[in-house]
Amino acid sequence: MHSFLEFEKPVADLQGKVHELRAVAASGEEVEVSDEIERLEKKAEQTLKDLYAKLTPWQKTLVARHPDRPHAIDYIAGLIEDFTPLAGDRSFAEDAAVIAGIGRFRGRSVAVLGQEKGADTQSRLKRNFGMARPEGYRKAVRIMDMAERFGLPVVSFVDTAGAYPGIGAEERGQAEAIARSTDRCLSLGTANIALVIGEGGSGGAIAIATANHVAMLEHAIYSVISPEAGASILWRDSARAQDAATNMKITAQDLMQLKVIDEIVEEPLGGAHRAKEIVVDRAGTAIEAALSRFDGMSADEIRDHRRRKFLQIGRSL
């Protein structure tokens with residue numbers, strides 16, 4: 001059984017009835033329920049299709065945060081062969097919120113960055129819920145330096161509510177670390193591809209998502225601030241997060257229209273968490289196509305492409 005979101009209750013009710021009928025059939029009772037099961041399954045699928053055809057920005061936010069949604073570690077496991085993780089920023093400590101390393105992606109060597117939230121209580125605490133400290137961004141810079149030295153493209157999987165705002169992180173230069181990571185993305189002499197797989201939260205995301213090609217999953221979000229925090233600032237009421245989500249233009253569809261991102265990767269019906277292998281494969285196809293566009297380009301051409309891309313944002317509104 002899937003973990004259902006609040007707006008998915010009609011689907012949950014239907015699938016609950018299907019589960020009950022299957023239990024009746026499995027008990028050996030002489031009751032013919034196969035036709036009813038088929039009818040309910042078709043109705044559940046159509047209801048799910050109708051719901052996801054008209055998701056609001058707030059509902060997309062809930063889908064992007066779904067606890068069963070595939071995380072960076074799932075994409076790395078499914079797409080990167082011979083992945084070798086690299087740890088530490090060579091300055092202070094290791095930050096488990098940022099996964100970094102090198103491996104092979106569909107026949108080519110790549111450097112990989114990913115923000116990992118964790119899948120259970122223990123891993124979420126270890127990963128700090130995907131909120132990186134300065135060490136995570138300095139590790140990212142170290143990996144990008146290595147990527148340029150060896151001519152490796154960089155693939156980033158973005159999924160964070162934002163950079164960690166703790167006192168210790170601020171004392172160790174959180175803002176400076178984010179700025180330097182963003183600057184390193186811009187100055188990189190090899191192609192970099194970023195895919196927002198869940199939440200793209202503020203500078204915490206931009207630090208590794210300032211790329212030649214930025215893609216988003218269909219139900220991911222990308223914003224300068226969370227809807228709850230935005231509502232608290234604008235209306236002094238975090239309960240108006242739904243209004244904030246609508247007005248902030250945080251969905252992939254809005255950002256594609258505004259030309260902030262370059263591509264939307266379609267998710268399976270009901271969200272990425274319902275068919276993880278399918279969405280990982282689609283992400284791989286999108287990344288492969290994006291990387292191929294930069295084959296044969298010099299370092300200066302790649303930098304110029306990235307520079308023109310970001311300078312163009314907002315000029316045609």
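First, the ground rules. Residues are numbered from 1 along each chain as its sequence is written, and side-chain values use heavy atoms, without hydrogens or water. Because the model is predicted, local features need pLDDT of at least 70 and side-chain atom pairs pLDDT 80 or more, while totals for chains, interfaces and linings use all residues.

The helix pair. H1 spans residues 9-26 and H2 residues 34-52; helices here are DSSP runs of H or I, at least four residues, and strands are runs of E, at least two, numbered from the N terminus. Their axes come within 9 Å and cross at roughly 160°, the axes being lines fitted to C-alpha atoms over the stretch in contact, with angles from 0 to 180 degrees between N-to-C directions. H1 is therefore roughly antiparallel to H2, a label for angles over 145 degrees. On the H1 side the contact (heavy atoms within 4.5 Å) includes Leu 14, Val 18 and Leu 21; on the H2 side, Ile 37, Leu 40 and Leu 48 are among the residues involved.

Now the cavity. How many cavities of 30 Å³ or more are there? The count is 1, where a cavity is a set of points on a 1 Å grid over the protein atoms alone where a 1.4 Å probe fits but cannot get out. Strand S5 (192-201), strand S6 (213-217) and helix H13 (276-292) each supply at least two lining residues.

Key
Angles under 35 degrees count as roughly parallel, over 145 as roughly antiparallel, 65 to 115 as roughly perpendicular and the rest as oblique. On a 1 Å grid over the protein atoms alone, a cavity is a set of points where a 1.4 Å probe fits but cannot get out, and a pocket is an open set with protein on both sides within 12 Å along at least five of seven lines; lining residues have an atom within 4 Å of a point. Grid points are joined across faces, edges and corners, and a volume is the space filled by probe spheres set on the points.
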